Every structure is written in C-alpha cells, then in structure tokens.
Amino acid sequence: MSARDGLHELTAHELSDLLARRDASAREILDAIWGRIDRVEGEVSAYLRQTREVARAQAAEVDERRVHGDELPPLAGVPLALKDIYCTEGIETTCGSRILESFRPPYDADVIERCRANGLVFLGKTNMDEFAMGSSTENSAFGVTRNPWDLDRVPGGSSGGSAASVAGSEAICSMGTDTGGSIRQPASFCGVVGMKPTYGRVSRYGVIAFASSLDQVGPITKDVRDCALMMNVLAAHDERDSTSIDAPVPDYTQALVPEVKGLRIGLVTEFMEYQGVGVEAEVGDAIRAAATRFQELGAECAEVSLPHLNYSIPVYYIIAPAEASSNLARYDGVQYGYRAAEEGEDIIEMYRKTRDEGFGPEVKRRIMLGTYALSAGYYDAYYLKASQVRTLIRRDFDRAFEQFDLLVGPVSPTVAFRLGEKTEDPVAMYLSDVCTIPVNLGGLPGMSVPCGFSSDGLPIGMQLVGKPLGEETMLRAAYAFEQSTDFHRRRAHPVETRDGRRSVVARG
Amino acid sequence: MRLTPEQVEHVALLARLRLSEEEGARFTTQLNSILEHFEQLQQIDTSGVPPMSHAVPMSNVLRNDEPAPSLSPEEALQNAPDRSRDCFRVPRVIE
C-alpha cells in the first residue's frame with residue numbers, strides 16, 4: 001500500500017501516466033486525496049463543501065470505462081476542485097455569499113460540461129471571496145481559508161480555496177476565475193501555477209458574473225504541464241457566450257518545449273514599482289533573478305516602461321464595480337437565493353432588506369461605488385474617463401509587444417500577508433492586485449509561475465504576460481523556466497506546520 | 001469630502017441597499033477615500049481617446065431564432081423563495 005500513500009502529492013500528468021498504465025485506479029487516487037483532505041482540511045479550510053458521492057460515481061465510471069478498454073482523455077480520473085462560482089447542476093453553488101446559500105443551479109457551466117466530458121473527478125466547491133471581490137478570501141460569508149505554507153497567512157484571493165486546495169495536496173488541480181488577479185495572485189501566494197487566459201478564450205457561460213468585460217476562467221495546477229493539459233480541456237469557442245473568441249484551439253502541450261533562445265522578454269518597470277513604490281525586496285530580487293535565468297537560457301531580456309499602468313488601480317476600481325453593480329442587480333430575492341422575511345412591506349423594501357441581509361460589506365461597498373460611478377451626472381467623470389484610460393493602458397501593452405514577445409514581473413508586490421492585516425483598509429487590499437489588474441484591463445493572457453521563496457519560506461510568483469491568444473508563448477517560457485528550477489517540486493505541509501507552531505508555543 | 005451622508009443614502013436607494021446608520025457613516029468615509037484615489041485620473045489627457053468597453057473587438061453575435069429545449073417551469077422555479085403554481089410570488093406591486 002505504500003506506493004498508494006503519496007498519490008495526492010503527484011501531478012495530474014504523473015497520475016495520467018499511472019492511470020493509462022493501470023498502475024493506479026481513479027478510485028485509489030480519490031481515496032488518497034480523501035485521506036489527505038481528512039488530515040489537513042481542518043487546518044486549511046479550502047472547501048466550502050465536498051461532493052464525495054459525485055466524485056465516487058465519476059471515479060467509478062472512469063475505472064469501468066478503462067477496464068472496458070475505452071480510450072480515455074488524458075485527465076480522466078484526475079481529481080479536481082472547483083471554485084464555488086461555477087454553476088454545477090444540482091450541486092449547491094453560493095459564490096461565497098449568503099444571498100446564494102442553498103442555491104442549486106439547474107444547469108452546468110460550459111467549463112463544467114467540458115470537465116465532465118473529460119472524465120475529471122469533482123472533489124467539491126472551494127472557498128472564495130464573496131462574488132470574487134477580494135484578494136484574501138477573507139470576504140467569504142462562510143469563513144476564512146488558510147495558506148498551507150503558513151496557517152497564519154491568507155491564501156490570496158479571490159480563488160483562495162482553489163489555490164490552497166492544490167498547494168495543500170487536497171486536490172490535484174483546480175479551477176478559478178480571474179477578474180483582477182484572482183487566479184494569479186492566490187497561485188503566487190500558494191506557490192502553484194495559475195493561468196488567466198486571453199479574455200474570450202474560455203467560455204463564461206454559467207460562471208457567476210462579477211465584471212463581465214474582465215472575468216475569465218482558468219486553471220490552477222502544480223506545474224506548467226498540468227496547466228497546459230487543463231487548458232486543453234477548458235479552451236473552446238462557445239455560442240452561449242457572445243464574447244467567446246472563435247479561433248482554433250491549439251494542443252497546448254505542444255508548446256511545452258524548454259527552449260527560449262531568442263525570445264524577447266520585457267521586464268515591466270511599473271510591475272516592479274507602482275507610482276514610485278517598489279515591491280517587497282525579496283520579491284524584487286526573485287523576479288530579477290528569474291529574468292537573469294531567462295537570459296542564461298538564451299532569451300533577450302530588457303526593461304520596458306508602460307507608463308499608464310500607474311493608473312490601473314483607479315481605472316479598475318471604477319470599471320469593475322460599475323459592471324458589478326449592474327450584474328448583482330439580479331439578486332433581489334425573487335427567482336432564487338435568499339429572501340428576507342416579509343413584514344407586509346412593499347417590494348422595494350423587500351429588495352433592500354434582502355440585499356442588506358444577503359450581501360457582505362465588501363460587496364455592498366463595490367455596489368455602492370459602481371452605482372455612484374454610473375449615476376446621473378457622474379458617468380462622464382468616472383466611468384467614461386476610466387474607459388478612456390483603459391484604452392491607453394491597452395495601447396501601452398500593444399506598443400510593448402512590438403518590441404517583446406512576452407512581458408514579466410511579479411504577480412503581487414508582497415508574499416502572502418497575515419490574516420486580518422488588510423481587512424480594515426480597502427485601498428491597501430486593492431493595491432495587492434496592482435501587477436495583475438492591468439492584464440485584465442488589457443484582456444491579455446497572464447500566468448503565475450513559482451520563482452522563489454522568501455526567507456520566511458513563503459512562495460513568490462513570477463507573472464508572465466502574453467499577447468492576445470499568446471498562451472503558447474507563455475507556456476513555453478514558463479516551462480523552460482520551471483524545468484531549470486525546482487520550486488514547483490516543493491510541497492506545503494500544513495499539518496506539520498501547525499504541529500511545529502504548537503511545539504514552539506508549548507516550549508515558549 | 002465629495003460625498004455627503006445624504007448622497008450615500010440616495011445611492012443606497014438606487015442600489016436597492018439599505019444601510020444601517022453605522023454602515024452609512026463608514027461607507028461615506030471609505031467611499032470618499034476611494035474616490036480621492038480616483039482623482040489621479042483627472043491628470044491624464046484623454047481628449048480624442050475612444051473608451052474601451054471590451055478587450056477584444058466585438059460585433060453582434062447573431063443566431064437563427066429557432067425553438068430549442070430550455071429549462072422546464074419546474075426547473076426554473078426550483079430555487080424560488082416563494083412561488084404560486086408556475087409563478088414567482090412577490091409582495092403586492094399594484095394596488
């Protein structure tokens with residue numbers, strides 16, 4: 001049985017090989033993951049709910065089909081954790097909000113259909129900031145998730161549960177969504193790989209909307225090969241999403257060539273220093289070391305300035321709340337979700353009471369901000385102005401991509417911060433997404449790849465940014481970098497971390 | 001201060017939110033500090049710059065209007081907080 005014990009620590013592609021050779025069954029892998037969840041979930045709290053019956057049936061079907069001799073997709077039998085933002089037919093979907101507590105969607109999101117068709121095994125729905133609004137998962141209505149590398153720290157957000165589940169080996173891979181950094185920032189804080197594809201590359205059908213011109217679905221995985229395999233599942237044109245790009249989908253694993261000779265890589269000044277304030281020293285050092293590594297591998301690296309990125313935060317915090325205030329108008333206690341108890345009042349009072357009781361403070365703050373920015377007399381000063389500066393940001397990117405094939409920088413200015421550290425100061429929290437937000441505003445693909453550890457043993461992520469539909473270039477560079485380092489092989493040990501901390505406390 | 005507590009209350013009504021007195025006061029302060037952060041945008045010359053509403057060039061996506069299966073009334077109503085036969089039930093809206 002000892003060979004079975006470590007299955008939860010393997011990557012999806014390693015498990016895929018074992019499954020194909022019949023050296024492991026989907027059920028054995030699932031049992032190993034459940035064993036791991038039983039040991040560490042009490043510390044990490046990555047999941048809002050597990051779907052063990054669904055997983056058992058899916059694993060059994062994969063094993064049956066394999067015994068039957070069916071040809072199976074590469075990820076068939078691999079356990080996957082899902083951010084609680086995807087509509088999953090018959091499975092409770094809350095988006096981290098009281099207002100959707102006990103909501104059971106009557107249909108599957110496009111990406112969920114695709115995962116089912118590929119035989120992935122659904123472990124459960126992961127914790128997240130309410131309606132994906134946040135950078136630490138502390139805005140969830142259902143409690144916090146802890147970083148598997150240090151249980152006193154946040155996993156990042158909003159896809160914090162998804163990143164923590166993979167980093168804690170409680171899932172083999174997971175899925176998140178990214179509106180301003182919500183895949184890349186938690187992936188960076190948790191030392192795993194996360195990709196936000198080009199806007200429109202993955203369907204948003206059935207994904208609960210936050211800011212529709214920015215939202216994008218993507219994978220969180222243990223390494224770059226797993227990321228490419230997941231992208232092969234997720235990327236597609238979908239008629240049910242009018243913003244879906246109708247372009248051929250490549251086999252992303254073909255991009256996994258550890259070869260960057262001649263690749264032109266730009267280190268973005270404004271990622272290293274926002275409005276004159278530099279990123280944390282250890283983060284800056286790790287990113288510069290990564291750029292040097294790319295040069296050693298044969299790439300051409302130079303610094304490049306995109307001046308309008310210095311306005312990303314104000315632009316984002318007008319556009320995203322404006323879109324959110326409109327998207328979240330649908331939560332009114334009529335068709336689904338929570339409704340406040342009636343006291344004979346009129347319908348407007350029913351709406352207000354429902355939304356007052358159903359939404360948390362950050363969601364209310366952003367609805368207020370967005371409603372104000374779109375209200376009569378203020379539209380031109382805020383929304384229109386922000387949309388114009390958004391054009392300037394995109395033009396900066398377009399200009400940079402005339403000189404470079406790929407841009408790099410940190411994912412976040414800091415490593416994972418402490419629980420509670422930024423909850424009272426919204427602007428400080430917003431600034432933790434300063435390097436990721438511009439990529440959403442530009443609609444470009446971005447990726448987080450582990451590139452080092454701080455002296456406290458906390459992961460540091462490097463961000464790669466590609467041209468529109470430049471996922472393959474990103475994957476190739478990420479793969480070349482990863483294969484020349486061993487950051488992706490380290491695993492977090494949350495239970496040992498806890499025990500270590502307790503023994504320190506006991507001795508003290 | 002750009003936003004007064006009265007304006008905050010008005011925006012809350014537009015947003016169909018109801019804020020407690022304490023929440024209203026806190027949001028007034030926080031929204032003002034966020035709006036102050038936005039002032040930076042006024043420094044940028046955007047004359048003649050078209051607004052960007054989507055990241056990829058968009059055109060209307062049309063399909064033929066053909067009947068196809070969709071959710072049954074029962075499925076559509078399964079999450080309703082209150083229903084009456086095949087309808088969503090709400091407080092009285094007309095006298």
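Let's start at one residue. Tyr205(A) touches Ala109(A), Asp110(A), Asp238(A), Arg240(A) and Asp241(A), leaving aside residues up to four places away in sequence. Keep in mind that this is a predicted model.

Where does Tyr205(A) lie? Tyr205(A) is in the loop between strand E5 (193-196) and strand E6 (216-221) of chain A. Is Tyr205(A) buried or exposed? The count is 20 other C-beta atoms within 10 Å, so Tyr205(A) is buried. The cut-off for buried is 20 or more. One distance for orientation: Tyr205(A) and Arg390(A) are 25 Å apart in space, C-alpha to C-alpha, and 185 residues apart in sequence.

Now the domains. Chain A is divided into domain 1 (2-308 + 395-507) and domain 2 (309-392). The C-alpha centres of these two domains of chain A lie 27 Å apart. How many residues are in contact across them? On the domain 1 side of chain A there are 35, and they are in contact with 29 residues of domain 2 of chain A. Look at the domain 1 side. H14, H15 and helix H16 (437-442) of chain A each supply at least two of its residues. By type, that side of domain 1 of chain A divides into 20 nonpolar, nine polar and six charged residues.

On to the core. In soluble globular proteins, nonpolar side chains tend to be buried together. Here the largest nonpolar core has 169 residues. Which of them touch the most other members? They are Leu80(A), Val121(A), Ile318(A), Met368(A), Leu464(A) and Ala478(A). Helix H11 (residues 312-327) of chain A gives the most to this core, with nine residues. Domain 1 and domain 2 of chain A both give residues to this core, so the core lies between them.

Take Leu464(A) from that list. Its contacts are Leu406(A), Val408(A), Gly446(A), Met447(A), Val449(A), Met474(A), Ala477(A) and Ala478(A), again not counting residues up to four places away in sequence.

Ala478(A) also turns up in a helix pair. Helix H8 (residues 224-234) and helix H17 (residues 471-483) of chain A pack with their axes 9 Å apart, at an angle of about 155°. That angle makes H8(A) roughly antiparallel to H17(A). Who meets whom? From H8(A) come Val224(A), Cys227(A), Ala228(A) and Met231(A). From H17(A) come Glu471(A), Leu475(A), Ala478(A), Tyr479(A) and Glu482(A). The tally for this contact of H8(A) with H17(A) is seven nonpolar, no polar and two charged.

Last stop, the two chains. How many residues of chain A are in contact with chain B? There are 53, in contact with 40 residues of chain B. On the chain A side, H11, helix H12 (347-358), helix H13 (361-374), helix H14 (380-403) and helix H15 (426-431) each supply at least two residues. H14(A) gives the most to that side, with eleven residues. The side of chain A that touches chain B divides into 24 nonpolar, 14 polar and 15 charged residues.

Lys353(A) touches Ala340(A) and Arg18(B), not counting residues up to four places away in sequence. Lys353(A) counts as buried, with 20 C-beta neighbours inside 10 Å.

Conventions. Residues numbered from 1 in each chain as written. Chains lettered and ligands numbered in written order. Predicted model: local features only at pLDDT ≥ 70, side-chain atom pairs only at ≥ 80, totals over all residues. Core = buried A, V, L, I, M, F, W, Y, C linked by C-beta atoms within 7 Å. Buried ≥ 20, exposed ≤ 12 C-beta atoms within 10 Å, placed from the backbone. Helix = DSSP H or I, 4+ residues; strand = E, 2+ residues; numbered from the N terminus. Domains from an automatic or database assignment. Contact = placed C-beta atoms within 7 Å. Axes fitted to C-alpha atoms, helices over the stretch in contact; angles between N-to-C directions. Parallel < 35°, antiparallel > 145°, perpendicular 65-115°, else oblique. Nonpolar A, V, L, I, M, F, W, Y, C, P; charged D, E, K, R; others polar.
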